[in-house]
Amino acid sequence: MPASIENHTASRRSVSMQIWVGISPIYPIARAHVQAGHQVVSIIGARSPDLMFWEDRMRELSTAITVTLDSEGSLVTDGLRAFLEEQQASGGLHRIARIVAIGSVGMMKAVSDLTAPYNIPTVVSLDSTML
């Protein structure tokens, strides 16, 4: 069953996060959020530049994008932490409609732990190649 994507005003943001092969499954999700009128903020990562793909596609969809290179996704979660702190400082946390993350077990736990105190709806999905 496909995930439901609520229509929000353009002032609401959806945050898409993915590491390496998680980019391909999250791309249609991010595109659907854009089609629903959301601004999409993307935080993407790969172990090395030669493993990064579809960065151009994610840039086209995204209002803002952060690209990281690391082996376990810690820089991706650091990017989320910085984004949430920035939004909190500017009073923009209420504008985050949903966070969607695809990646490793460690990243899923870190994302869930980061978003829980803010009560931001968060959807995590384990990428089976990251076991």
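**Chain and residues**

Analyst: In this predicted model, residues 24 or more positions apart account for 68% of the contacts in the chain with a separation of 6 or more.

User: In what order do the elements of the chain run from the N terminus on?

Analyst: The chain holds four helices and five strands. Read from the N terminus on, these elements run β-α-β-α-β-α-β-α-β.

User: What percentage of the residues of the chain count as buried?

Analyst: The chain exposes about 6700 Å², and carbon and sulfur atoms supply 54% of that area. A residue counts as buried under 20% relative accessible area. Among the 131 residues of the chain, the buried share is 42%.

User: Which residues does Ala64 touch, not counting residues up to four places away in sequence?

Analyst: Ala64 belongs to strand E3, which spans residues 64–69. With residues up to four places away in sequence left out, Ala64 touches Val40, Val41 and Ser42.

User: Is Ser42 buried or exposed?

Analyst: Ser42 lies in strand E2, residues 39–46. The limit for a buried residue is under 20% relative accessible area. Because its relative accessible area is 1%, Ser42 is buried.

User: With which residue does the side chain of Ser42 make a polar contact of 2.8 Å?

Analyst: Ser42 is one of the residues that Ala64 touches. A polar contact of 2.8 Å also joins the side chain of Ser42 to the side chain of another serine, Ser62.

User: Why does Ala64 count as partly exposed?

Analyst: Partly exposed residues fall between the buried limit, under 20%, and the exposed limit, over 50%. Ala64 counts as partly exposed because its relative accessibility is 37%.

User: What is the phi of Trp54?

Analyst: Trp54 is placed in the loop between E2 and helix H2 (55–61). At 28% relative accessibility, Trp54 counts as partly exposed. Although Trp54 is not a glycine, its phi is positive, at about 60 degrees.

User: Does Asn119 count as buried or exposed, and what is its relative accessibility?

Analyst: Asn119 sits in the loop between helix H4 (105–115) and strand E5 (122–126). Asn119 is not a glycine, yet it has a positive phi of about 55 degrees. Exposed means over 50% relative accessible area. Asn119 therefore counts as exposed, with a relative accessibility of 70%.

Notes. Residues are numbered from 1 along each chain as its sequence is written. This is a predicted model: local features need pLDDT of at least 70, side-chain atom pairs count only at pLDDT 80 or more; totals for chains, interfaces and linings use all residues. Side-chain values use heavy atoms; hydrogens and water are left out. Helices (H or I, at least four residues) and strands (E, at least two) are DSSP runs, numbered from the N terminus. Buried means under 20% relative accessible area, exposed over 50%, partly exposed in between (1.4 Å probe, protein chains only). Contact means heavy atoms within 4.5 Å. A polar contact is a pair of N or O atoms within 3.5 Å; within protein, one must be able to donate a hydrogen and the other to accept it, and residues adjacent in sequence count only if both atoms are side-chain atoms. Accessible areas come from the Shrake-Rupley method with a 1.4 Å probe; for residues, only the protein chains shown count as cover.
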